[in-house]
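The following exercises concern the structure shown below.

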Amino acid sequence: MLLKVSQVVCQFRRHLHKMSLDEAKRIAAYKAVDEFVRSGQIVGIGSGSTVVYAVDRLAERVAKEKLNVVCIPTSFQARQLIIGHRLTLSELELHPEIDVVIDGADECDENLTLIKGGGGCLLQEKIVAACSKKMVVVADFTKDSKTLGEQYKKGIPIEVVPMAYVPVRNRIQNLFGGKLQLRMAVAKAGPCITDNGNFILDWHFTPGDYDWERINREISMIPGVVETGLFVQMAQKAFFGQADGSVKEKSL
């Protein structure tokens, strides 16, 4: 009986924690959309669980305020969100200049350097961010860190051409230490395949004080590397929903 009660208490606590995280994501996403999205804009739609709430809010505003916005997706998931909410879908060939992109992050440090790519969409996310006048990050309080690696323990994703993953892995380990692991798929046998047909290496580095701009540049120059999940000097502002219902803001 005591064991059953203990199990119920643990399940209830997990449920409350999930509710707290979901609400934190929602309030951060809503605040970002309300502050940065205006009628007539081209809006980049990022990927991940927090962006779902951003698209919900954007759809609400389009319906209530009759906003005229065009949405550019960063992934298959983002594309489906746009279509599912009956928002105007477009692509970079038609709208290569974007007013603002709203995207999530796996972790954000005090300089707004991001780790992205936990969901495998880092390449398209970075392309859309690079085409945007502003990049706004929305996340819950667990993504807010002083230094990268403080809270996020799954490593920095690096998208690579499949034939090159072994030499790329070895080169990065020799240059910067740590360990790189080939990301494996969950519902299929074998490696995780990105929307672009590539593999992902997750670099588990030792937390510390790094020159991320230099490291990002050097890794990007290795033949076979398609893109890194390091977003350096790309975000202008970040919104972090807190457990108490407030929103913490970081900006450059």
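Contact means heavy atoms within 4.5 Å. Helices (H or I, at least four residues) and strands (E, at least two) are DSSP runs, numbered from the N terminus. The model is predicted, with local features requiring pLDDT of at least 70 and side-chain atom pairs counted only at pLDDT 80 or more, while totals for chains, interfaces and linings use all residues. Residues are numbered from 1 along each chain as its sequence is written, and side-chain values use heavy atoms, with hydrogens and water left out.

**Exercise 1. Burial in helix H6**

Determine which residues of helix H6 are buried, how they are arranged about the axis, and which elements they pack against.

Step 1. Apply the burial criterion: buried means under 20% relative accessible area, exposed over 50%, and partly exposed in between (1.4 Å probe, protein chains only). In H6, which covers residues 212-220, the criterion selects Trp 212, Ile 215, Asn 216 and Ile 219.

Step 2. Look down the axis of H6, taking the directions from the helix axis to the C-beta atoms. The buried residues fall within an arc of 100°, so they line one face of the helix.

Step 3. List the packing partners. The buried residues of H6 pack against the helices H4 (122-130) and H5 (165-176), and against the strands E8 (156-160), E10 (199-204), E11 (225-228) and E12 (230-231).

Step 4. Consider the loop that follows. Met 221 lies in the loop between H6 and E11, and is exposed because its relative accessible area is 66%. Met 221 and Gly 104 are 117 residues apart in sequence, and their C-alpha atoms are 26 Å apart in space.

**Exercise 2. Geometry of helix H2**

Compare the span of H2 with the expected value, and list its buried residues.

Step 1. The expected span of a helix is 1.5 Å times one less than its number of residues. H2 has 17 residues and reaches 25 Å from its first C-alpha to its last, close to the expected 24 Å.

Step 2. The buried residues of H2 are Thr 50, Val 51, Ala 54, Val 55, Arg 57, Leu 58, Ala 59 and Arg 61.

Step 3. Just after H2, Lys 66 adopts a positive phi of about 60°.

**Exercise 3. Salt bridges**

How many salt bridges are there? Characterise examples within helices and between distant parts of the chain.

Step 1. The criterion is a side-chain nitrogen of Lys or Arg within 4 Å of a carboxyl oxygen of Asp or Glu. By this rule there are 16 salt bridges.

Step 2. Begin with helix H1 (residues 2-36). Glu 23 and Arg 26 form a salt bridge whose closest N and O atoms are 2.7 Å apart; both residues lie in H1, three residues apart, about one turn of the helix. Glu 23 is partly exposed because its relative accessibility is 36%, and Arg 26 is partly exposed at 27%.

Step 3. Turn to H2 (residues 49-65). Glu 60 and Arg 57 form a salt bridge at 3.0 Å, N to O, and they too lie three residues apart in one helix, about one turn. Glu 60 is partly exposed, at 29% relative accessible area, whereas Arg 57 is buried, at 17%.

Step 4. Asp 103 forms a salt bridge with Lys 116, the closest N and O atoms being 3.2 Å apart. This pair links distant parts of the chain, with Asp 103 in strand E4 (residues 98-103) and Lys 116 in the loop between strand E6 (114-115) and H4, 13 residues apart. Both residues are buried.

Step 5. Identify a network. Lys 31, Glu 35, Lys 237 and Glu 249 are joined by salt bridges that share partners.
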